[in-house]
Amino acid sequence: MHASENSHDDFLFIDDSDEDEILEGGSGDTWQVLIVDDDPEIHSVTQLALSDLVVLGRKLEYVHAYSGQDACKLIVENPDIVLVLLDVVMETDDAGLTVVKYIREALNRQDIRIVLRTGQPGYAPEESVIKEYDINDYKTKTELTRRKLVTTVYAAIRAYQQISSVSESRQGLEKIVSGSSTLLELHSIAQYSQGTLKQLVQLLAQDIGGLFCARGQGIIEDADDLSFYIIAQQAMSSQLVNQKLDTLQNEEISKQVKACFTQKTHQYFDDSLYLYLARGGYRAVVYLNLSEALSDIQKQLLEVFLTGIAIGYENVHLFQKLNNAAYKDWLTNLPNRLAFVRLLDNFVKSDNESEVAALIDLNHFSDVNDALGQDVGNKLLAAVAKRLQSLSCHCKVARVGADVFGIIGAESCVTPETLMTFFELPFTAGEQKLLINACFGFCRKEHANTSGVKVLNQINIALNLAKKKRIEHFAYYNSEMEDETQWRLNMIRALRSDFADDRLELWYQPQLSLVSGKVIGAEALLRWRTADGGFISPSVFIPLAEYSGLIIEIGDWVINQACSQIKVLEQHSFDNITISVNVSIPQFRLGNFVDTVLTAINSHKVPAEKLELEITENILMDDPQVVIDALVRLKEHNISIALDDFGTGFSSMSYLQKLPLDRLKVDRAFITDIAKENQSVLAETIIDLGQKMNLKVIAEGVEELEQQTRLRELGCDEVQGFYYAKPMPQDEFLDFLRSNN
Ligand code: C2E
Ligand code: CA
Ligand code: CA
């Protein structure tokens with residue numbers, strides 16, 4: 001059989017070719033062709049026939065196998081073989097087909113081209129085999145003239161080239177897809193540009209270095225010129241990052257990057273590339289130095305990749321903008337509250353145990369806003385921000401609230417003393433020089449909780465405590481404070497439930513005329529009786545009720561209770577008794593306070609002038625106009641209004657004059673020492689002021705006869721205090737009235 005196969009060899013390779021157009025100029029590279037035949041002569045004839053053939057710029061190089069088994073081994077050893085010219089019948093009838101199966105199935109090499117050759121048509125493999133194993137050509141050896149062989153080989157190698165470039169593109173595309181999705185996760189511009197360089201290196205599968213360049217403005221902190229900066233580098237020097245491109249001192253690169261920008265096109269060179277990225281106004285140039293020139297396919301792939309990169313580059317800018325909007329304070333350009341919480345998260349996680357986090361709360365900032373306008377207020381905040389940032393250590397500063405700043409830094413640097421010195425000199429806000437002070441809350445690393453939000457809460461606890469302090473305006477968080485918070489929460493819970501169970505009482509403290517000595521009214525004061533029969537002081541639970549908002553419901557109840565007391569007094573023919581009710585700030589903040597009061601009066605059918613509201617000066621600090629408007633409306637309905645604790649607040653005279661007042665209550669602090677020599681000046685001034693403003697003046701906290709005497713001398717109208725009576729329950733108050741009037 002072997003003999004007959006070879007008997008047609010004479011027909012082989014008759015030179016019928018003069019098609020020199022396929023003999024192109026060669027390059028250094030070759031195509032490896034495996035000739036498999038058990039007849040050595042076929043090897044030499046084949047080689048001879050193909051001797052000057054150049055396919056797609058490359059010559060052929062031969063590997064020889066003389067059996068199917070040999071062939072299999074050689075294919076494994078020579079991965080660059082692109083074409084196998086394969087004899088079908090060798091050691092067995094189908095040794096060639098075994099090789100085919102081995103290539104396609106065992107090695108899973110779909111790219112290698114296979115041309116089957118057989119001596120006789122009778123040994124042609126089934127058509128299904130040709131299809132299944134992707135055999136390029138099947139030729140009987142008689143058909144293989146030189147011309148036909150050249151054509152067949154030429155076509156096969158071209159097919160190989162296409163297949164491998166398709167697979168290269170596919171792999172490239174896979175890289176693009178996976179590369180792009182990796183990049184999508186990078187949200188910072190720096191990370192993104194770094195990632196882009198990495199992906200490019202992978203995509204081009206070359207050992208290359210590169211730079212990612214863009215104009216610094218908006219990307220590099222503090223860069224507001226239009227110079228080119230290096231945003232990221234690959235295999236160059238990390239010191240280049242965030243530097244101007246010119247610091248590289250490479251004129252060629254600087255020149256080409258600029259050219260790329262101005263010409264808005266990629267610049268390809270054999271040893272380097274300048275890729276132009278542009279989308280939505282975001283532009284960048286990627287420089288790469290190449291170890292070998294790019295093929296057309298690589299260029300095409302690159303361009304596909306770059307479209308995606310440009311989209312991503314725009315996105316990352318947009319993301320940055322969103323991020324800025326979400327995490328930056330627009331006024332001071334500092335991190336905002338959200339960002340501060342993140343910084344605190346890092347503070348918690350860091351190994352640095354000697355760090356401290358703090359809050360700085362400006363005192364009376366709203367006064368500046370009210371008095372000098374928001375513009376000056378904003379400038380003041382910006383000035384404070386700037387001064388805080390001048391701390392020499394690497395601390396992080398944020399604006400956490402309207403007038404609250406956050407700071408994280410070394411314990412040795414962020415101290416009450418250093419922070420306080422910041423507020424010793426006035427701040428320049430526009431034309432104004434303003435002196436402002438602040439309170440500070442601190443939390444040391446060792447006390448810090450497990451998350452940023454919790455730490456913020458801890459510093460807040462310390463800050464709130466600092467605000468209440470009279471001398472030192474700072475506090476370091478400790479766990480006892482938390483106990484206090486817990487205590488407060490428990491108290492609020494208990495107050496809420498006791499109020500719901502109707503366990504609060506309203507007591508009355510008589511107020512008397514200094515002229516007639518008769519009771520003219522009473523101040524209604526809340527009492528909270530505990531289970532063991534004791535009382536919790538209103539000075540303790542009223543602030544909690546205010547803090548928790550409970551005061552709104554409780555205050556409503558108090559007003560109704562007071563109205564029903566007025567009714568009871570009327571029924572007992574005590575006609576000229578006014579009941580005063582204390583009102584807290586949160587009650588005013590709720591828009592319907594006036595209606596609440598009017599409804600109470602109407603539903604109890606009591607004369608409005610018998611209800612008096614006691615407000616403190618502090619009530620004006622929040623939103624003076626709202627309070628003034630409400631009081632004016634109440635006054636229009638004849639409700640009486642008293643200014644409580646007068647002399648202890650901060651309000652300006654101009655506001656006080658706008659209040660529709662009936663009475664001034666002189667605070668106990670001015671009364672205590674009034675009988676002592678030269679100690680009555682302030683009381684005198686206040687009483688005098690009240691008279692000038694045409695108001696009744698009542699003195700609070702009168703405990704002694706001497707005080708009463710002095711008050712009478714000063715022309716005070718009315719009195720209230722333990723000297724006359726302590727606050728008492730409703731029934732006792734009726735008894736008191738009976739015995740007094
Ligand atoms: P305040 O409005 O200044 O009430 C007067 C406080 O002084 C009352 O304390 C009263 O018992 C006390 N007092 C009266 N005469 C004397 C005296 O001669 N000597 C001394 N040492 N104290 C005297 P109380 O009842 O403990 O109330 C404390 C504060 O709680 C009140 O101060 C008021 O601000 C608030 N409060 C009480 N009830 C209510 C209420 O119904 N609503 C609101 N919003 N606050 C209330
Ligand atoms: Ca009062
Ligand atoms: Ca008072």
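Reader: Which residue stands opposite Arg58 in E3?

Author: Val55 stands opposite Arg58. Keep in mind that this is a predicted model.

Reader: How many bridges join E2 to E3, and do the strands run parallel or antiparallel?

Author: Two bridges join E2 to strand E3, residues 58-65, and the two run antiparallel.

Reader: What do strands of a sheet pair through?

Author: Strands of a sheet pair through backbone hydrogen bonds, in a parallel or an antiparallel way.

Reader: What is the order of the six strands in this sheet?

Author: The order is E2-E3-E1-E4-E5-E6, the sheet is open, and the pairing is mixed. Strand E2 (54-55) and strand E6 (137-140) are the edge strands, each pairing on one side only.

Reader: Switching to ligand 1. How many residues surround it, and which are the closest?

Author: Ligand 1 is surrounded by 21 residues, the closest being Gln509, Arg527, Ser584, Glu703 and Phe722. By class, this shell has eight nonpolar, six polar and seven charged residues.

Reader: Which element gives the largest share of that shell?

Author: E20 does, with four residues.

Reader: What lies 2.9 Å from an oxygen atom of ligand 1?

Author: A polar side-chain atom of Arg527. For Asn582, a polar side-chain atom lies 3.1 Å from an oxygen atom of the ligand. Leu526 has a backbone N or O atom that lies 3.1 Å from a nitrogen atom of ligand 1.

Reader: And how much of the ligand's accessible area does the protein cover?

Author: On its own, ligand 1 has 790 Å² of accessible area, and the protein covers 82% of that. Strand E20 (519-529), helix H16 (538-548) and strand E24 (640-646) are the elements that give two or more residues to the shell.

Reader: Which residue bridges ligand 3 and ligand 2?

Author: Asp644 bridges these two calcium ions, which lie 3.8 Å apart.

Reader: Why does the pair Asp644 and Glu700 tie together parts that are 56 residues apart in sequence?

Author: Because Asp644 lies in strand E24, while Glu700 is in the loop between strand E26 (696-699) and helix H25 (705-714).

Reader: Are Asp644 and Glu700 buried or exposed?

Author: Both Asp644 and Glu700 are buried.

Technical notes
Residues numbered from 1 in each chain as written. Chains lettered and ligands numbered in written order. Predicted model: local features only at pLDDT ≥ 70, side-chain atom pairs only at ≥ 80, totals over all residues. Heavy atoms only, no water. Near = heavy atom within 4 Å. Polar contact = N/O pair within 3.5 Å; in protein donor to acceptor, adjacent residues only side chain to side chain. Areas by Shrake-Rupley, 256 points an atom, 1.4 Å probe, with all protein chains shown as cover. Nonpolar A, V, L, I, M, F, W, Y, C, P; charged D, E, K, R; others polar. Donors = N, O, S within 2.8 Å, 3.2 Å for Na, K, Ca; no water. Buried < 20%, exposed > 50% of the residue type's maximum accessible area, 1.4 Å probe, protein only. Pairing = 2+ DSSP bridges.
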